[in-house]
Amino acid sequence: MVMNVNSGITLNTSESGARLVETLNYMDGRYKNDIARDAQQGLTALQKYIPCKYFYDAHGSKLFEYICRLPEYYPTRTELSILREIAPELMGTFAHKDLVELGSGASLKIRVLLNAAGESNRTTLRYIPVDISESAVIEASKDLLEQYPELQVLGVVADFTCQLDVLPTERPLMFCFLGSTIGNMGGDESMSFLQTVSKNMRLDDRLLVGFDMVKSRETMEAAYNDSKGVTAEFNKNVLNVLNSELKANFDLSHFDHLAFFNEAESRIEMYLRANRDVLVKLESLDMEVEFKKGETIHTENSKKFTKKSIEDMVKPAGLSIQNWYSDPDGWFSLVLMGLNHLDALRCSPQIAGCGTSRYL
Ligand code: AVJ
């Protein structure tokens, strides 16, 4: 059942066994506008680009899950191995709190935390997956309720880069931002994102962020050039998304997958490169785009971090690092943060009374 609860917000309830799955959708009607605007901007820029959030339609999400299981793609299994280690400590006392996952996708990793919480803590904690894909949020919530019938789940369909203020505020929160998704943002963007999260946090809230660390070029480049070509298919699939969302006529065979480590920027960059001259029509935008043979569309940055680059980003956001967890090789880091008390005393609306609350 779908009903409008407020302008632009819909409440979707569907059933999973005896339980209702509640999903608040703040994205209704936005996606089409956003992708039209972003494609228009990106495909007319000097260096053409498409924002990487458009990888994740139903097929793209499936391909991404496949990537996560590839032997070359080390981040997922490395992060999972750390999560398994630290989950008992993180979740031992986690009751009466909300566990918010930003960019939750299929909600696979969160199971490690939910398992560690144990059944009795699970009855009082609430899991809040936040993702721009409504189908991902609904499917993940249903699966979770089947596996953990005692769990409370509130699905939120929203763009976490700009809609954090829609989250409930009654109980202490732990924000989880896993998978080094933060590495997809530009430097300024990730800084201001952390600032926004920190402004939305109270003193007893926590933020757990996954960071992929710099390591040998071979290891990093292999992870984005897997031998089965799944990453190439994932990359090209974004053209299919434009084909269906914007009535475009990209021929995927006219583009090649390209991924390499840019050392100066400390990031993997992914591109689609035209292997011939190409003319594409985007009917919904009433627009034609020309590609010269060899011309590229920039589709993703995936930043690789160092301890210092993480600290430099976290401190200006008013966050303090409480715990730093890594695998023995230092390939991946999970960083647990809270509000920096001194900054919080100066800036927190609750304490200093500067007016507005978390809705900034
Ligand atoms: C979603 C940020 C984890 O940058 O590694 C995987 C997605 N892109 N292969 C990453 C991705 C190509 C990705 N994250």
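**Figure 1. Asp38 sits in helix 1, which covers residues 30–44.** The model shown here and in the other views is predicted. At 10% relative accessibility, Asp38 counts as buried. Asp38 belongs to a network of salt bridges that also links Arg30, Asp34 and Arg37. Leaving out residues up to four places away in sequence, Asp38 touches Pro51, Lys53 and Tyr54. One of these, Lys53, returns in the next view.

**Figure 2. Asp159 and Lys53 form a salt bridge.** Their closest N and O atoms are 3.3 Å apart. Asp159 lies in the loop between strand 7 (152–157) and strand 8 (173–177), and Lys53 lies in the loop between strand 4 (48–49) and helix 2 (58–68), so the pair ties together parts that are 106 residues apart in sequence. Are the two partners buried or exposed? Asp159 is buried, at 6% relative accessibility. Lys53 is partly exposed, with a relative accessible area of 28%. Lys53 also touches Asp38 of the previous view.

**Figure 3. A salt bridge joins the side chains of Lys304 and Asp212.** The N to O distance is 2.7 Å. Lys304 is placed in the loop between strand 14 (296–303) and helix 9 (307–314), while Asp212 is in strand 9 (residues 206–212), so this pair ties together parts that are 92 residues apart in sequence. Lys304 is buried, with a relative accessible area of 1%. Asp212 is buried too, at 1% relative accessibility.

**Figure 4. Glu290 pairs with Lys292 in a salt bridge.** The closest N and O atoms of Glu290 and Lys292 are 4.0 Å apart. Glu290 counts as exposed, at 53% relative accessibility. Side chains of opposite charge can pair when their charged atoms come close. How many salt bridges does a search of the whole structure find? The search finds 21.

Figure 5. Ile67 is buried, at 3% relative accessibility. Ile67 and Thr231 are 164 residues apart along the chain. Their C-alpha atoms are separated by 6.6 Å.

**Figure 6. Thr196 is a residue of helix 6, which spans residues 187–199.** Thr196 is partly exposed, with a relative accessible area of 31%. The view also takes in Gly210, which is 14 residues from Thr196 along the chain. The C-alpha atoms of Thr196 and Gly210 are separated by 17 Å.

**Figure 7. Lys247 has a positive phi although it is not a glycine.** The value is about 50°. Where does Lys247 lie? Lys247 is in the loop between helix 8 (230–246) and strand 10 (255–262). At 53% relative accessibility, Lys247 counts as exposed.

**Figure 8. Ser266 is a residue other than glycine with a positive phi.** Phi of Ser266 is near 50°. Ser266 is found in the loop between strand 10 and strand 11 (267–274). Ser266 is buried, with a relative accessible area of 15%.

Figure 9. The C-alpha trace spans about 60 × 50 × 45 Å along its principal axes. Of the 360 residues, 52% count as buried. Among contacts between residues at least 6 apart in sequence, 69% join residues at least 24 apart. The accessible surface comes to about 16,100 Å². Carbon and sulfur atoms account for 51% of this surface. The chain carries 38 positive and 50 negative side chains. The centres of the two sets lie 2 Å apart.

Methods. Residues numbered from 1 in each chain as written. Predicted model: local features only at pLDDT ≥ 70, side-chain atom pairs only at ≥ 80, totals over all residues. Heavy atoms only, no water. Buried < 20%, exposed > 50% of the residue type's maximum accessible area, 1.4 Å probe, protein only. Contact = heavy atoms within 4.5 Å. Areas by Shrake-Rupley, 256 points an atom, 1.4 Å probe, with all protein chains shown as cover. Lys, Arg positive; Asp, Glu negative; His and termini not counted. Charge placed at Lys NZ, Arg CZ, Asp CG, Glu CD. Helix = DSSP H or I, 4+ residues; strand = E, 2+ residues; numbered from the N terminus.
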